[in-house]
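Visitor: I am new to this structure. Could you walk me through it, one question at a time?

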Amino acid sequence: MKISVIGTGYVGLVSGTCFAETGNQVICVDIDENKVNRLRNGEVPIYEPQLEVLFERNVRQERLKFTTSLEEAISQSDIIFLALPTPPGEDGSADLSYVLGVAKELGKIITDYKVIVDKSTVPVGTAAKVTEAISKYAKVDFDVVSNPEFLREGFAVEDFLKPDRVVIGTSSERAQKVMEELYKPFVRQGNPIFFMDEKSAELTKYAANSFLATKISFMNEIANICELLDADVDKVRIGIGSDSRIGKRFLFPGIGYGGSCFPKDVQALIKSSNKVGYDFKILNAVEEVNATQKTIIIPKIKNYFAGDLKDKKIALWGLSFKPDTDDIREAPAKYIIDQLLETGANVAAFDPEAMANIKEIYGDKISFGNNAYDVLENADALLIATEWSVFRNPDFNKISTLLKDNVIFDGRNLYDLDKMTSLGFRYYSIGRAEV
Ligand code: NAD
């Protein structure tokens, strides 16, 4: 099949590469010339496990191409995916200007039947708006399909190649057949493709992300109450997770969710609900809890240093919003850095993949290490903001030698309390005793 993917970011590049991997001819479009040039030169501009190998193979075998020209891509494609940004607008609702802007252009360009697929996360009713925008100019038949994407950054390739499910919203039999054919190679193990109406497909994505965000905020509140009641959130987590109605996953407390999806999608669903006169009370609370949780570790540090962080050097491990990505959008680490700088502390940070992105924002306001241990030298404390695997089993003797004071503030509960006590560390984590 011949496919265009418009928008070559985390979703577009992964989707395009994986569609090419199953034998399709794919051309990815982006307005960012620099990005397209890098892609054309064989450089993958984001960090995503497994992506480089697939990218290299499909580029080499000429199934995966890149352009800045929408016309060039559309003239060679039967299926057009929109993987464009849908950031929060001023009032928090999803900004559809990228999606509708491209839809308008498509209306002017298409000269024969196309299946136009919305892969961006968009509010209910967007498929109809995209159809309207294209119809204004198009003189040929086309179908607009809603196909929300559920991949997780850090597992994007794996998730795309073997999705738990594929959701396709369409009222067109013709488009349904095309989509079924396209996704067949991805569901060979029997994972379902759910066909539904466009609106339900659009809402499914928001419901999924909002539910997961709710689960995180709920566990963060349980952790906070554990601290006040002298209970241990790890024990509570195991206790409830073994109930199959609850499930073991997504029960880990921490310093809040971030990323480009949960914060904006929770906000957008609240706004969509408001627009139809519904007050989504739970989601308002989810947002509020998360905003507090992102900075919950700062008072613990301040308290430890008797309220004065001026000129203290804090070593910060982890900058990305979660492990295995270089994405720092809404990362809790950024909120922590801002607060630390406000108090007059110095921050020395290390992250396996996200330092370049953080440097673009903070420049030399913070310093960076070449490895996890560099930043510890003469630091007053270590703070952990992201649970990269490489931080799970560090050389504690080395940490102890390099740190001025043997104290660790862990926003991701990486270490056992008993072990930290026996190693002689003061150790502060989330929802567990201070040792
Ligand atoms: P992104 O910011 O990484 O990528 C978007 C790309 O679109 C950028 O490269 C940008 O330059 C390009 N672009 C902007 N305007 C354009 C135009 N007019 N023509 C061509 N290209 C244009 O965004 P993303 O993280 O890939 O997210 C895309 C959509 O997918 C969003 O709606 C998001 O909510 C959704 N989504 C994201 C994830 C995720 O984990 N990142 C997962 C599922 C769904």
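Visitor: How far does a polar side-chain atom of Lys-35 lie from an oxygen atom of the ligand?
Guide: This is a predicted model, so the distance is computed from its atoms. Lys-35 is among the residues that come nearest to the ligand. Its polar side-chain atom lies from a ligand oxygen at 2.6 Å.

Visitor: How much of the ligand's accessible area does the protein cover?
Guide: On its own, the ligand has 830 Å² of accessible area.

Visitor: Which elements give two or more residues to the shell around the ligand?
Guide: The shell holds 26 residues. Two or more of them come from each of these elements: α1 (10-21) and α5 (97-109).

Visitor: How many residues of the shell around the ligand are charged?
Guide: The shell has 11 nonpolar residues and seven polar ones. Lys-264 belongs to this shell, and an N or O atom of its side chain is 2.6 Å from a ligand oxygen. The charged residues number eight.

Visitor: How many residues does the largest nonpolar core have?
Guide: Nonpolar side chains tend to be buried together in soluble globular proteins. Here, Trp-317, Leu-319 and Phe-409 are among the residues with the most contacts inside the largest core.

Visitor: Is Asn-220 buried or exposed?
Guide: Asn-220 lies in helix α9 (residues 198-229). Its relative accessible area is 0%. Buried means under 20%, so Asn-220 counts as buried.

Visitor: Which residue has its backbone nitrogen 2.8 Å from a polar side-chain atom of Asn-220?
Guide: Beyond its neighbours within four places in sequence, Asn-220 is in contact with Pro-253, Gly-256 and Gln-293, among others. The backbone nitrogen at 2.8 Å belongs to Gly-254.

Visitor: Where does Phe-250 lie?
Guide: Phe-250 is not a glycine, yet it has a positive phi of about 65°. At 33% relative accessibility, Phe-250 is partly exposed. Its place is the loop between α10 (233-241) and α11 (262-275).

Visitor: What is the relative accessible area of Asn-378?
Guide: Asn-378 lies in the loop between β11 (367-368) and β12 (381-384). Asn-378 has a positive phi of about 60°, although it is not a glycine. Asn-378 counts as partly exposed, and its relative accessible area is 48%.

How values were computed. Residues are numbered from 1 along each chain as its sequence is written. This is a predicted model: local features need pLDDT of at least 70, side-chain atom pairs count only at pLDDT 80 or more; totals for chains, interfaces and linings use all residues. Side-chain values use heavy atoms; hydrogens and water are left out. A residue is near a molecule or strand if one of its heavy atoms lies within 4 Å of it. A polar contact is a pair of N or O atoms within 3.5 Å; within protein, one must be able to donate a hydrogen and the other to accept it, and residues adjacent in sequence count only if both atoms are side-chain atoms. Accessible areas come from the Shrake-Rupley method with a 1.4 Å probe; for residues, only the protein chains shown count as cover. Helices (H or I, at least four residues) and strands (E, at least two) are DSSP runs, numbered from the N terminus. Ala, Val, Leu, Ile, Met, Phe, Trp, Tyr, Cys and Pro count as nonpolar, Asp, Glu, Lys and Arg as charged, and the others, Gly among them, as polar. A nonpolar core is a set of buried Ala, Val, Leu, Ile, Met, Phe, Trp, Tyr and Cys residues joined through side-chain atoms within 4.5 Å. Buried means under 20% relative accessible area, exposed over 50%, partly exposed in between (1.4 Å probe, protein chains only). Contact means heavy atoms within 4.5 Å.
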